Amino acid sequence: MQLIQKNKCFEGEQRSYQIESRSLKGSTKFSVFLPPQALEGQSCAALYYLAGLTCTEETFVIKAHAQRLAAQLGLILISPDTSPRGDSVAQGDSWDIGQGAGFYINATQAPWAEHFQMESYLIEELYPRLLAELPILSHAVGIFGHSMGGHGALTLAWKYPEKFKSVSAFAPICAPSDCPWGEKAFNAYLGADQKTWHAHDATQLVLNKGALFAEVLIDQGLNDQFYTQLHPAQMREICEKVGQKLTLREHAGYDHGYFFIQSFMDDHLQFHALQLQK
């Protein structure tokens, strides 16, 4: 882990790191906010935040305004990049495929399979590395995200409940198998066999694995320009079917962007702090 920048922030530190990833076959960056408690040697709960399409490891750091309350609650915030990057990494012909659009899955199709192994990177590389090198309470790690990252947060939480003890999302892609974004990405990364898509679809994972968390929180803007791609109603229906407690809050006037996320960020941090304390 190469520390490339650090800045004092609410008596904590906002840091940027770079590492060489075996899974991604190249270097990648991620951001970490350490609250003052961590700098003083106290082990703290941690939250992974997965950003959406076109974003980087800096987007959450700059736009979400999460550090103030995280410092008060003693939460470590971790924000990885959304995909592998570099001249040798395949790039799509549009903004919603390729670099900046990794979907937090392991690609199996050419030309994506060589580098686009985001699930392995996050779970097998970054997760244990940070547990080993940062003062993180291993039993108190949560995950949340936005849009494509909301999809990633929900799917990784259901795939790895032994690693993540709390989960929430802002405007997540709840059923990627049933929307243009997901269909395009899954066809490219996983191939045309839709049976393989279900292992990376939040609604299908909840349906197959059942209730795994005490509660899930999702916030959704009703003026979201991408609302028809997100299918929050499907997630609510599936959660009701399997007995998974879901708090789905729909907000009039809010769109898909970070002004929406800023407005409800404190609620999500407090939600995770409470869940992780349990």
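Modeller: Let's start at D224, which touches A171, L230, Y254, D255 and H256, leaving out residues up to four places away in sequence; contact here means heavy atoms within 4.5 Å. Before going on, note that this is a predicted model, in which local features need pLDDT of at least 70 and side-chain atom pairs count only at pLDDT 80 or more, while totals for chains, interfaces and linings use all residues. Residues are numbered from 1 along each chain as its sequence is written, and side-chain values use heavy atoms, with hydrogens and water left out.

D224 sits in the loop between strand 8 (216–221) and helix 8 (227–230); helices (H or I, at least four residues) and strands (E, at least two) are DSSP runs, numbered from the N terminus. With a relative accessible area of 6%, D224 is buried (buried is under 20%, exposed over 50%, partly exposed in between, with a 1.4 Å probe and protein chains only). Among its contacts, H256 also pairs with D224 through a side-chain polar contact of 2.6 Å. Such a contact is a pair of N or O atoms within 3.5 Å; within protein, one must be able to donate a hydrogen and the other to accept it, and residues adjacent in sequence count only if both atoms are side-chain atoms.

S31 belongs to strand 3 and is buried at 4% relative accessible area. A polar atom of the S31 side chain lies 3.0 Å from the backbone oxygen of E57. Beyond neighbours within four places in sequence, S31 is in contact with Q14, R15, E57, E58, V61, L77, I78 and S79.

Strand 3 (26–34), helix 2 (59–63) and strand 5 (75–80) each give at least two residues to the lining. The lining has six nonpolar, four polar and no charged residues (Ala, Val, Leu, Ile, Met, Phe, Trp, Tyr, Cys and Pro count as nonpolar, Asp, Glu, Lys and Arg as charged, and the others, Gly among them, as polar).

Burial runs through helix 5 as well: 12 of its 12 residues are buried, so helix 5 is largely enclosed by the rest of the structure.

Finally, some backbone details. Most residues other than glycine have a negative phi, and most peptide bonds are trans. K25 has a positive phi near 55 degrees and is exposed at 53% relative accessible area. H65, with a positive phi of about 60 degrees, lies in the loop between helix 2 and helix 3 (67–73) and is partly exposed at 47%. A cis peptide bond, with omega about 0 degrees, joins A110 and P111, and P111 lies in the loop between strand 5 and helix 4 (118–133).
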